[in-house]
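Reader: I am new to this structure, and I would like to get to know it step by step. Could you walk me through it?

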Amino acid sequence: MSFDDHDGANSAEGGRGGASAPRHTRRLSDKILIAFHHACDQGDFEVAEELLRILEMMLTRRPASPDSNRRKNLESLVAAHERLWLLRHPEVKDQ
């Protein structure tokens with residue numbers, strides 16, 4: 001997975017003009033979740049735990065405006081906690 005969409009390289013004329021692609025296509029929380037899964041894939045559980053802590057802080061603080069995706073976001077957070085726990089306790093999966 002690539003994070004090239006943040007540097008403007010994919011947008012026409014650096015964002016100037018009529019039909020250019022949006023500069024940012026993902027929310028920050030989505031990027032943090034992707035980084036969390038990447039850290040898990042690399043076996044860096046300490047980094048994964050810190051990213052999960054940051055993501056949890058972002059998703060559980062009081063939203064400035066009503067968020068229709070709040071339930072989905074919280075379900076993703078729970079699934080991420082579960083993944084990290086299972087990676088740290090592989091013996092449970094084998095039973």
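Reader: Thanks! To begin, what percentage of the residues in the protein chain is buried?

Author: Please keep in mind that this is a predicted model. A residue counts as buried when its relative accessible area is under 20%. The protein chain has 95 residues, and the buried share of them is 21%.

Reader: How much of the accessible surface belongs to carbon and sulfur atoms?

Author: Start from the total: the accessible surface of the protein chain is about 7,200 Å². The part of that surface belonging to carbon and sulfur atoms is 52%.

Reader: Now for the inside. Which element gives the most residues to the largest nonpolar core?

Author: That core has 14 residues, and Phe-36, Ala-48, Leu-52, Leu-55 and Leu-84 are the ones touching the most other members. Two or more residues come from each of α1, α2 (45-60) and α3 (70-88). Six residues make the top contribution, and they come from α2.

Reader: Ala-48 was in your list of core residues. Which residues does Ala-48 touch, leaving out those up to four places away in sequence?

Author: Ala-48 is one of the core members that touch the most others. Setting aside residues up to four places away in sequence, the contacts of Ala-48 are Phe-36, Ala-39, Cys-40 and Leu-84.

Reader: How are α1 and α3 oriented to each other, roughly parallel or roughly antiparallel?

Author: The axes of these two helices come within 11 Å and cross at roughly 10°. Angles under 35 degrees count as roughly parallel. The crossing of α1 and α3 falls under that cut-off, so the two helices are roughly parallel.

Reader: How many nonpolar residues take part in the contact of α1 with α3?

Author: On the α1 side are Leu-33, Phe-36, His-37, Cys-40 and Asp-41, and they meet Ser-76, Ala-80, Arg-83, Leu-84 and Leu-87 of α3. Sorted by kind, two of the contact residues are polar, two are charged and the nonpolar ones number six.

Reader: Let us look at single residues. Is Ser-29 buried or exposed?

Author: Ser-29 sits in helix α1, which covers residues 28-41. Beyond residues up to four places away in sequence, Ser-29 touches Leu-55, Met-58 and Leu-59. The relative accessibility of Ser-29 is 10%, so Ser-29 counts as buried.

Reader: How far apart in space are Met-58 and Ser-29?

Author: Met-58 belongs to helix α2. Leaving out residues up to four places away in sequence, Met-58 touches Leu-28, Ser-29 and Ile-32. Met-58 and Ser-29 are 29 residues apart in sequence, yet their C-alpha to C-alpha distance is 7.3 Å.

Reader: Which residues is Glu-56 in contact with, leaving aside its neighbours within four places in sequence?

Author: Glu-56 is in helix α2 and counts as partly exposed, at 33% relative accessibility. Its C-alpha lies 8.4 Å from that of Leu-74, which is 18 residues apart from Glu-56 in sequence. Apart from neighbours within four places in sequence, Glu-56 is in contact with Leu-77 and His-81.

Reader: One last question: what separates the C-alpha atoms of Trp-85 and Phe-45?

Author: Trp-85 lies in helix α3, and at 43% relative accessibility Trp-85 counts as partly exposed. Along the chain, Trp-85 and Phe-45 are 40 residues apart, while the separation of their C-alpha atoms is 9.7 Å.

Definitions and conventions:
Residues numbered from 1 in each chain as written. Predicted model: local features only at pLDDT ≥ 70, side-chain atom pairs only at ≥ 80, totals over all residues. Heavy atoms only, no water. Helix = DSSP H or I, 4+ residues; strand = E, 2+ residues; numbered from the N terminus. Buried < 20%, exposed > 50% of the residue type's maximum accessible area, 1.4 Å probe, protein only. Contact = heavy atoms within 4.5 Å. Areas by Shrake-Rupley, 256 points an atom, 1.4 Å probe, with all protein chains shown as cover. Core = buried A, V, L, I, M, F, W, Y, C linked by side-chain atoms within 4.5 Å. Axes fitted to C-alpha atoms, helices over the stretch in contact; angles between N-to-C directions. Parallel < 35°, antiparallel > 145°, perpendicular 65-115°, else oblique. Nonpolar A, V, L, I, M, F, W, Y, C, P; charged D, E, K, R; others polar.
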